[in-house]
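Please walk through this model from the inside out. Keep the sequence beside the 3D view as you read.

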Amino acid sequence: MAGLALDGSNPDVSLLYDINGLAKDAPHWFDRVMEFVGEYGIIIGLALVTLAAWWNVRKRPQDAPSAVAGLVWAPLAAGLALVANIPIRGFVERPRPFNDHQGLDVLVAGKTDFSFVSDHATLTMAVAAGVFMAHRAYGSIAIGLALLEGFCRVYMGVHYPTDVIGGFALGTAVTLLLAPLAMMLLTPLTTTLANSRAGWLVRTEPAAADRDADEAFPELPGSRSADGDRGNKDLAA
């Protein structure tokens, strides 16, 4: 398996040279930007997109707990996908492209582990798939960032295109295939949290059933009508 993609006529290698060749023609400062984006920037961007999705889904009175559970699942799925990648790398044992091909412009030195599949591609697409499950618009942005991550890894000369594609497939598969079990376990937790004093983490306003109960029994000590401003202050806290 270690000899995979060694032939220079292989489309995988040809595409590697085509994309990495852009780095040779780019200004030095642009390569430094791509290095930061490919190593850290996309991951930071995905974290911000996930937070924005969380802020938005909290406004859904009815399905906020399940949506928040999906967003909690996204980074957990990414972690599981990275763990799953460990035996895959050990089995395939594909060297980094700069070890077998001359003339590549390698933007990040010191990569000594195996190349297939890309950890960065796996992580970003796993998170993106999880965010997409919870919020289509933010999920689409996250998928776009994951695709950009894959391009960056090849541009930087540290991965073959098929390393990236394999990472996308692994991240997506782990997120989607384990999602039913994950949601079955996480949704009850977020639902319980939504009904606690930390409920603002899950939703910004009570579900319709809770509001109806408060209106029907305003004199109950725990109701928002009875608590008045105190209830609002608890929510804001």
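What follows covers the cores, a surface patch, a loop arginine and the salt bridges.

This is a predicted model. The largest nonpolar core has 45 residues. Those with the most contacts inside it are Leu 71, Val 127, Val 131, Ala 142, Tyr 155 and Met 156.

Now look at Tyr 155. Leaving out residues up to four places away in sequence, Tyr 155 touches Ile 19, Asn 20, Leu 22, Ala 23, Ala 26, Phe 30, Asp 31, Met 34, Asp 105 and Leu 107.

Turn to the surface. Phe 36, Tyr 40, Ile 44, Leu 48 and Leu 51 form a nonpolar patch there. Together they have about 540 Å² of accessible area. Leu 51 lies in helix α2. Its relative accessibility is 51%, so Leu 51 counts as exposed, because the cut-off for exposed is over 50%.

Arg 203 is a contrasting case. It sits in the loop between α8 (179-194) and α9 (208-216). At 8% relative accessibility, Arg 203 counts as buried. Its side chain makes a polar contact with the side chain of Asn 195, at 3.0 Å.

Next come the charged pairs. Side chains of opposite charge can pair when their charged atoms come close. The model has 9 salt bridges. One of them joins Asp 12 and Arg 94, with the closest N and O atoms 3.9 Å apart. This pair links distant parts of the chain: Asp 12 is in helix α1, Arg 94 is in the loop between α3 and α4 (97-100), and they are 82 residues apart. Asp 12 is buried, at 8% relative accessible area. Arg 94 is buried too, at 2%.

Glu 39 and Lys 111 also meet in a salt bridge, at 3.6 Å from N to O. Glu 39 is in helix α2 and Lys 111 in the loop between α4 and α5, 72 residues apart. Both are buried.

Which residue pairs with Arg 89 in a salt bridge? The partner is Asp 113, and the closest N and O atoms are 2.4 Å apart. Arg 89 lies in helix α3 and Asp 113 in the loop between α4 and α5, so the bridge ties together parts 24 residues apart in sequence. Arg 89 is buried, at 9% relative accessible area, whereas Asp 113 is partly exposed, at 33%. A network of salt bridges links Arg 89, Arg 96, Asp 113 and Asp 119.

Definitions and conventions
Residues numbered from 1 in each chain as written. Predicted model: local features only at pLDDT ≥ 70, side-chain atom pairs only at ≥ 80, totals over all residues. Heavy atoms only, no water. Core = buried A, V, L, I, M, F, W, Y, C linked by side-chain atoms within 4.5 Å. Buried < 20%, exposed > 50% of the residue type's maximum accessible area, 1.4 Å probe, protein only. Contact = heavy atoms within 4.5 Å. Patch = residues over 30% accessible without salt bridge, like charges linked within 9 Å, V, L, I, M, F, W, Y side chains within 5 Å. Areas by Shrake-Rupley, 256 points an atom, 1.4 Å probe, with all protein chains shown as cover. Salt bridge = Lys/Arg side-chain N within 4 Å of Asp/Glu carboxyl O. Helix = DSSP H or I, 4+ residues; strand = E, 2+ residues; numbered from the N terminus. Polar contact = N/O pair within 3.5 Å; in protein donor to acceptor, adjacent residues only side chain to side chain.
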